Amino acid sequence: MKLTLCNLVALICCSFFTSANPTEKIPPMVQLASKYQAREKISDYWVSEKLDGIRGYWNGKTLLTRNGNTLHSPTWFTQGWPKRAIDGELWLGRDKFQQTSSCVLAKSKNDCWKKVKFMMFDLPKHSGTFSQRVQAMKKLMHASQSQYLEMIRQEKLPNEKALYKSLSQVVSQKGEGLMLHYQDAYYQQGRSNHLMKLKQFQDAEAKVIKHLQGQGKYRQMLGSLLVETEQGLQFKIGSGFSDKERKNPPAIGSTITYKYFGTTQKGIPRFASFMRIRAE
């Protein structure tokens, strides 16, 4: 049989598409948050609660996990949802991560979905800034008749003091933390410095390199430790110690665990506080 050029091209294309795996999952290209770093103008950011649930991605037809797996939600759960991409969190409530995970990741459909909400926090395919996307999400919610689709509350705060006050309120109610989204940022696939997460505290380790003497009631006792991280960053830790620990401080050369609340623009841990000596 004589093959023409057109027939040859068609044969190659047919072979390529039939050999591809039609069930191969393609993870949605979502935006990822970075750790909070202090900013001069908190008012430039939209602040929302960081929900402790399962990340979900609605592509307009199917509900997926962040890794591209199909979530086996009942058909009535997504009925009437917009035919556009929505980034959000599947959520049962504060301090209910395990219950949420057991429900939405199960392969069998069950009644637990009746208590689940899909909390919308972004529109990946929208071409506008985050402020514009906030307004677009509000319009979607105004038009929505689904009881299972909601929008995470977005608010503006005047300064960092108000930010940490809001964090304390969320944590006191067993919430996980806060998210800060720069108002003029466009949706960016992968890790973004325009989207930050702030928890009550983070923890890390550092090596003790010097004892600094205290003053006042801590005279002739430990005032603070000078420590160094694996990256070579040095800073002082002066809180979190008991009187017994101030009289017998962690040995020079030992490794300690400390907690902190974000970092400064220079990368210095904010409000670093001693937790314990690492067990070797």
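This is a predicted model: local features need pLDDT of at least 70, side-chain atom pairs count only at pLDDT 80 or more; totals for chains, interfaces and linings use all residues.

Guide: K50, E176 and K199 are linked in a network of salt bridges. K50 belongs to strand 2, which covers residues 45-50, and K199 belongs to strand 10, which covers 190-199.

Both strands are part of an open sheet of five strands, in the order 1-10-9-2-8, with mixed pairing. Strand 1 (31-35) and strand 8 (155-156) are its edges, each pairing on one side only. Helix 4, residues 160-172, packs on this sheet and touches strand 2, strand 8, strand 9 and strand 10. The direction of helix 4 makes about 140 degrees with that of strand 9.

Within the sheet, strand 2 and strand 9 (residues 177-182) run antiparallel and are joined by six bridges. W46 has H181 of strand 9 opposite it. In general, strands of a sheet pair through backbone hydrogen bonds, parallel or antiparallel.

Q154 sits in the loop between strand 7 (149-151) and strand 8. With neighbours within four places in sequence left aside, Q154 is in contact with W46, V47 and S48, and also with F121, F130 and V134. The relative accessible area of Q154 is 12%; because the cut-off for buried is under 20%, Q154 counts as buried.

Next comes a further charged pair, D44 and K41. These two form a salt bridge in which the closest N and O atoms are 3.9 Å apart. The cut-off for a salt bridge is 4 Å, so this pair falls within it. D44 is buried, at 17% relative accessibility, whereas K41 is partly exposed, at 49%.

The search of the whole structure finds 10 salt bridges. Another of them joins R55 to D87, with the closest N and O atoms 2.7 Å apart. R55 lies in strand 3 (residues 54-58) and D87 in strand 5 (residues 86-91), so the pair ties together parts that are 32 residues apart in sequence. Both R55 and D87 are buried.

R55 has a contact with T65 as well: leaving out residues up to four places away in sequence, T65 touches P28, R55, L71 and L105. T65 is found in strand 4, residues 63-65. T65 has a relative accessible area of 11% and is therefore buried.

A last pair is R278 and E205, whose side chains meet in a salt bridge at 3.1 Å, N to O. This pair links distant parts of the chain, 73 residues apart: R278 is in the segment after strand 15 (273-277), and E205 is in strand 11 (residues 202-213). R278 is partly exposed, at 32% relative accessibility. E205 is partly exposed too, with a relative accessible area of 37%.

Notes:
Residues are numbered from 1 along each chain as its sequence is written. Side-chain values use heavy atoms; hydrogens and water are left out. Two strands pair if DSSP finds at least two bridges between them. Helices (H or I, at least four residues) and strands (E, at least two) are DSSP runs, numbered from the N terminus. Contact means heavy atoms within 4.5 Å. Axes are lines fitted to C-alpha atoms, for helices over the stretch in contact, and angles run from 0 to 180 degrees between N-to-C directions. Buried means under 20% relative accessible area, exposed over 50%, partly exposed in between (1.4 Å probe, protein chains only).
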